[in-house]
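Trainee: Could you walk me through this one? I'd like to start with the words I need.

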Amino acid sequence: MSELLDQARRVAEQALSLGAQEAKVSLSSSRGVSVEWRDGEIERLQDHTDHGLSVSLFVDGRFSSHGTSDLRPDAVEAFLKDSIALTRYLEEDACRSLPDPARYEGRAEVDLELCDPSYREVSADQRRDEASSLEELIRARATEELKGKEGELTSVSCSVGDHYGRSARVHTNGFEGAREGSSFYVSAGLTLKEPNGKRPLGSAFTYRRHRADLRSLDELALEVAQDATQKLNAQKLQTGKYTVIVKAEKVGRLLGYLLAPLSGAALQQKRSLFEDKLDAQIASPLLTIRDNPHRHRGLSSALWDRDGFATAPRAIIEQGVLKTFLIDDYHAKKMSTEGSAPVWATGASLHNLEIELGELPLSGLVNEVGDGVLIDRFLGGNSNPSTGELSLGCGGRLIRGGELTEAVTEFNLSGRFDQLWSQLVMVGADPYPEGQPCPSCVFEGVQLSGV
Amino acid sequence: MSSHKQSKDQGGLSGFGREAGSLAMSGPSASGERAEGLAYFARFGVDERMLREAIACALTRGGDWADLFFEHGVSQSIALRDGAVNAASSGVSLGVGIRVVSGHQTGYAYSEDLSREAVLSAARSAALIAEGAQPSATPQSFNLTPHSARYPIEREWMSVGVDQKIPILQRLNREAFDADPRIQKVQVSMSHSDSVIFIVESSGATHFDRQPMTRMAMSVTAVQGEGDQVRRESNSANIAARAGFEFLTEDRLTSLRQKAVERTLFLFDAEIAPVTGELPVVLGAGAAAILLHEAIGHGMEADFNRKDISIYSERVNQRIAPEGVTIIDDGTRQGDRGAINVDDEGVDGQQTVLVEDGILRSYMHDRISAKHYGVAPTGNGRRESFRHAPVPRMRSTYMTAGQHDPQDIIKSVKKGVYAESFTNGQVMIGAGDFTFYIKTGYMIEDGRLTRPIKDTNIIGNGPDILERTDMVGSDFAFDHGGWVCGKDGQSVPVSLGMPTVRVAGITVGGVS
């Protein structure tokens with residue numbers, strides 16, 4: 001690690017010696033290995049080593065950013081010279097400068113446990129055996145789940161992989177940081193075939209910093225088998241307004257639409273419908289979201305953000321009230337010059353979201369809803385961040401009498417994402433164990449368009 | 001927010017690719033070098049001995065064949081925001097991907113270090129896929145295979161200084177603000193890239209190509225009203241091609257600016273489609289080919305069919321669309337974003353008829369699937385970069401013109417939707433369900449275009465929709481936007497085109 005940091009320091013000094021007044025330098029290297037398995041044999045073995053250099057240059061009041069994977073010393077020098085020369089052609093931007101070094105202070109002194117030393121010990125045979133075992137488990141589970149259903153097992157695919165990376169960053173006004181991290185994943189896909197030729201796909205995955213924290217193969221096999229079989233014989237949905245449960249693993253997509261307009265770029269470019277909504281109600285009082293950058297072994301944990309600011313846990317939305325924007329240093333400076341008051345750079349990065357949970361598991365939510373629709377997948381669609389309008393392709397299951405019934409597909413959810421989040425009436429107690437741990441959410445009065 | 005590994009068995013198209021990387025004056029065109037083949041990569045220490053050793057190492061454990069994919073790419077982007085061209089970025093990408101194929105199985109490794117040790121290490125990793133006792137034969141000599149030249153350049157990008165580019169962005173910015181007082185923000189970007197590839201097959205055949213790409217994008221934000229009545233809208237336009245600086249003609253620049261402004265202001269009068277359910281949809285000529293890309297294209301990539309996970313598996317030579325529907329995937333359109341002289345496995349870029357008069361005639365093949373099906377590869381083996389193994393991908397996908405007058409197509413609809421511009425789409429290739437998102441369009445009422453609509457998703461099932469494509473217009477048009485197709489965790493540039501068509505019924509995601 002110190003070698004990488006030394007190299008970053010040298011590149012930063014080189015940038016200054018070649019004419020930059022300030023510079024931000026990042027160096028990284030990584031290695032990844034994976035096995036992709038299908039129907040009894042390896043489909044693909046992959047192995048890679050990466051390295052890269054990225055620089056942000058502040059030259060004569062001008063700014064640019066550049067990256068290269070050609071790290072030969074003479075190539076790096078030419079790269080820096082060319083980049084500085086390009087920057088001098090640009091127009092000045094008085095808001096471009098490195099952050100106040102005081103913002104780098106206060107970094108938490110904590111071991112986030114981002115690296116699992118066992119990554120060195122994983123062998124090719126282990127990955128292959130894991131993939132093979134997972135396929136067997138999936139076939140067994142699928143056979144059970146298919147009993148009494150019209151569908152046949154067509155193909156099973158699994159992937160097992162791991163990755164290790166290091167990075168070092170230096171700002172010429174005093175920031176330095178270096179980190180290393182590992183990640184491991186297992187994913188699975190199950191394709192079934194219906195009599196009409198349709199081939200629904202079920203999928204599941206687990207992704208962790210530490211290998212021992214991966215979910216078990218049994219759990220994955222059950223999840224993928226159920227995901228596939230529950231899509232069999234899907235029918236079209238009658239158009240109407242419904243009470244909708246969005247399944248935990250898909251809530252993140254809806255949350256993304258709500259959080260995107262909070263960025264400094266969206267605000268400064270007048271593309272945010274939440275522009276004047278700080279401390280205002282923007283969602284149901286049931287929605288509380290905090291960001292925790294210091295979660296141990298968190299996939300997105302970090303002690304500093306992209307500006308080098310020391311990170312800290314913070315509230316994003318509390319009981320539906322917007323508590324902070326996500327403003328980076330540059331856009332804070334821009335908005336300060338454009339407005340009548342200084343704008344504080346709150347920090348642009350989100351790390352590990354923590355959503356306040358409700359009390360019921362998914363089965364309890366289904367029971368409470370009585371009649372409605374469970375959405376368990378989105379397909380395409382988009383939103384308008386300036387107005388909140390959105391329209392998304394969906395699939396899922398009907399809820400009747402408090403039970404999940406037949407599969408439904410080929411319908412759209414339409415409306416406005418800000419209104420949708422105001423229609424949140426229940427939050428589940430079932431955070432999805434992968435990625436951002438969102439719980440299932442229940443929304444009332446949702447427009448679904450089918451037949 | 002973190003996300004999980006992308007499913008291999010889905011595809012997706014977006015109209016907004018990644019912005020380009022950074023300037024590299026040391027790139028292929030800046031130096032004026034015209035070296036080809038091995039001579040080009042000699043500057044990085046690559047020589048014939050390395051090629052021979054790498055191939056031999058890759059085939060140490062046997063295998064049907066192996067290839068080396070060297071790539072040197074440079075890119076640059078400059079951008080205007082808030083009236084100033086004050087942001088630029090550039091990128092340099094250099095490395096080699098080594099592949100060993102044994103039956104259906106692939107061993108793949110890449111390295112960004114082109115030293116002999118690193119290259120041989122990657123070759124040894126790729127070799128692990130094979131389990132033969134005997135090494136496979138290695139070439140005695142290497143011979144450069146000639147290919148077409150489908151992207152001639154009149155004026156190299158690197159010969160045009162940034163000081164010549166800035167006035168263009170400034171002019172577009174000024175004209176946009178002059179167009180309407182409601183316009184508050186304008187962003188304009190100009191990007192280009194130049195990727196040099198050198199493919200070395202274990203047969204001894206080698207292939208060389210320089211692949212330019214340019215893209216220009218403009219987005220506009222407008223504000224209307226005051227106080228509680230204030231409304232904001234944003235929209236954009238972009239153009240792209242495999243071309244040099246000559247691509248930026250006055251007509252294209254004017255059209256780009258007009259589209260960005262008009263599409264934004266259009267949104268103030270538009271609403272999410274005030275209809276729901278299955279309705280006739282008329283797709284305007286050009287970008288509406290996103291329908292083809294999602295509903296059909298991915299499902300006809302041969303790897304999915306070989307694995308029996310596509311809804312089009314086992315359907316070659318069967319009718320899948322009405323008579324009169326012919327769909328082609330084409331790598332030969334000169335200067336087109338989807339054009340290729342040679343694919344990323346060394347197969348000539350070519351034209352492939354997927355559907356002929358309603359009959360499915362061919363999948364899109366890479367070498368692995370072509371061998372599986374006993375056919376010639378179709379030149380669809382593509383990859384994002386040396387960091388990825390190639391898989392079957394689209395190029396320029398289009399439907400040929402039909403017989404109907406496009407005005408008659410609109411007149412034929414009593415109540416439906418006219419779709420004009422789009423942002424993205426996605427497909428589940430096994431189920432066949434696909435979507436695309438209408439950014440601008442109109443209601444059709446009693447055969448006439450009436451209320452403007454926006455932000456409406458369409459969802460359907462590929463084979464069903466093809467069967468319902470019952471009117472094909474005579475007005476074929478190609479879309480020259482910067483479309484990007486994602487699959488298997490990698491992206492490639494593509495293009496699309498179509499005449500006006502009517503789909504008799506498809507689910508519209510409006511509001512009632």
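Mentor: Two strands pair if DSSP finds at least two bridges between them, and strands (E, at least two residues) and helices (H or I, at least four) are DSSP runs, numbered from the N terminus. This is a predicted model, in which local features need pLDDT of at least 70, side-chain atom pairs count only at pLDDT 80 or more, and totals for chains, interfaces and linings use all residues. Residues are numbered from 1 along each chain as its sequence is written, while chains are lettered from A and ligands numbered from 1 in the order in which they are written.

Trainee: Okay, how many bridges join strand 10 of chain A to strand 11 of chain A?

Mentor: There are 2 bridges between strand 10 (residues 314-318) and strand 11 of chain A, which run antiparallel, and Ile317(A) has Leu322(A) in strand 11 as its bridge partner.

Trainee: And which order do the strands of that open sheet take?

Mentor: The 4 strands of chain A follow the order 11-10-9-12 with antiparallel pairing, and the edge strands, strand 11 (321-322) and strand 12 (353-355), each pair on one side only.

Trainee: Switching to chain B, which residues are buried on strand 24?

Mentor: Ser495(B) and Gly497(B) on one side and Leu496(B) and Met498(B) on the other are all buried, where buried means 20 or more other C-beta atoms within 10 Å of the residue's own, with C-beta atoms placed from the backbone.

Trainee: What stands opposite Gly497(B)?

Mentor: Tyr398(B) stands opposite Gly497(B), and strand 16 (residues 396-399) of chain B runs parallel to strand 24, joined by 3 bridges.

Note on methods
Buried ≥ 20, exposed ≤ 12 C-beta atoms within 10 Å, placed from the backbone.
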